[in-house]
Amino acid sequence: MPLFSKGSKKSTPETPKVDEHFRHIAFIMDGNGRWAKKRGKPREYGHKAGSDTFKTICQYCCEVGFKAVTVYAFSTENWKRPRAEVDAIMDILDHYLEELKQNYKQYHSRFKFIGDLSVMTPALREKIVYVEGMNQESDQILNIAFNYGGRSEITHAFNTLTAAGKTTVSEEDIAGALYTKESGDPDMIVRTGGDLRISNFLLWQAAYAELYFTDKLWPDLTTADVDDIIRDFYSRKRRYGGL
Ligand code: IPE
Ligand code: IPE
Ligand code: MG
């Protein structure tokens, strides 16, 4: 299924559109393993289902007008999982990158991988570089957080700044050295799977993000749920410490 494809007609007249108040949505895509377990299947089966949901949801987010979508696909802590599960996730990533490369004309958004890619295989890195070069003219961006950790990102930002000769830094310096510097802060972070935590995601950028938690497991999330999320966002009052 094309992701961020041109001319898809999924939206209905009732579909809420987003505007400049809701530019950036982020997802902690949690619950793949439990989804598979409920079906008596191995966890890998849940990750495969989760990757299909990822494509559907990201495409839809593009259609409703988000300028940036950031998804948490693999954390710096997820290496603790059994080797077979990690390998399966890497295979899904490889397959996805291949799909993007082959069908590049169908895609609309830019793609950016955020995280420490230095540990990925050269073959995967090469594909990532290729995919990141696609659609440079697009004003919509999909950030895929892979081997990503918020602490690692902030540490990386400081190291970048000190290597450039900075001895003191401003908040703007730090924000400008983060992987997400082009997308800015998420307006809302959505976590599926029922756990009420951030799990090292976008720690700096989450300062004033609206948080949305749902018990739904990631593979079960639908475009109608995204509509609900959008309506929920617009029912909130963001005060940023003011009145
Ligand atoms: C999220 O689903 C995907 C990754 C962390 C890679 P999980 O694999 O964490 O699924 P649960 O939370 O165990 O159900
Ligand atoms: C968060 O899910 C990471 C991703 C969704 C990629 P986890 O399943 O790794 O988080 P914890 O361990 O429940 O905090
Ligand atoms: Mg989990």
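Predicted model: local features only at pLDDT ≥ 70, side-chain atom pairs only at ≥ 80, totals over all residues.
Residues are numbered from 1 along each chain as its sequence is written, chains are lettered from A and ligands numbered from 1 in the order in which they are written, and side-chain values use heavy atoms, with hydrogens and water left out.

Ligand 1 is surrounded by 13 residues, where a residue counts as near a molecule if one of its heavy atoms lies within 4 Å of it. The closest are Asp30, Gly33, Arg34, Arg43 and Arg81. Several polar contacts can be described here (a polar contact is a pair of N or O atoms within 3.5 Å; within protein, one must be able to donate a hydrogen and the other to accept it, and residues adjacent in sequence count only if both atoms are side-chain atoms). Aspartate 30 places a polar side-chain atom 2.8 Å from an oxygen atom of ligand 1. Glycine 33 takes part through its backbone, with a polar atom 2.9 Å from a ligand 1 oxygen. In arginine 81, an N or O atom of the side chain is 2.7 Å from an oxygen atom of ligand 1. On its own, ligand 1 has 380 Å² of accessible area, and the protein covers 87% of this. Such areas come from the Shrake-Rupley method with a 1.4 Å probe; for residues, only the protein chains shown count as cover.

Around ligand 2 lie residues including Ile28, Asp30, Tyr72, Phe74, Asn78 and Arg81. Serine 199 has a polar side-chain atom 2.6 Å from an oxygen atom of ligand 2, and for arginine 197 the corresponding distance is 2.8 Å. Arginine 191 has a side-chain N or O atom 3.4 Å from a ligand 2 oxygen. Taken alone, ligand 2 exposes 390 Å², of which the protein buries 78%.

Asparagine 32 belongs to helix α1, residues 32–38 (helices, H or I, of at least four residues and strands, E, of at least two are DSSP runs, numbered from the N terminus). Asparagine 32 counts as buried because its relative accessibility is 11% (buried means under 20% relative accessible area, exposed over 50%, partly exposed in between, with a 1.4 Å probe and protein chains only). Leaving aside residues up to four places away in sequence, asparagine 32 touches Gly46, His47, Gly50, Trp218 and Pro219, contact meaning heavy atoms within 4.5 Å.

Phenylalanine 213 lies in strand β6, residues 210–213, and is partly exposed because its relative accessibility is 34%.
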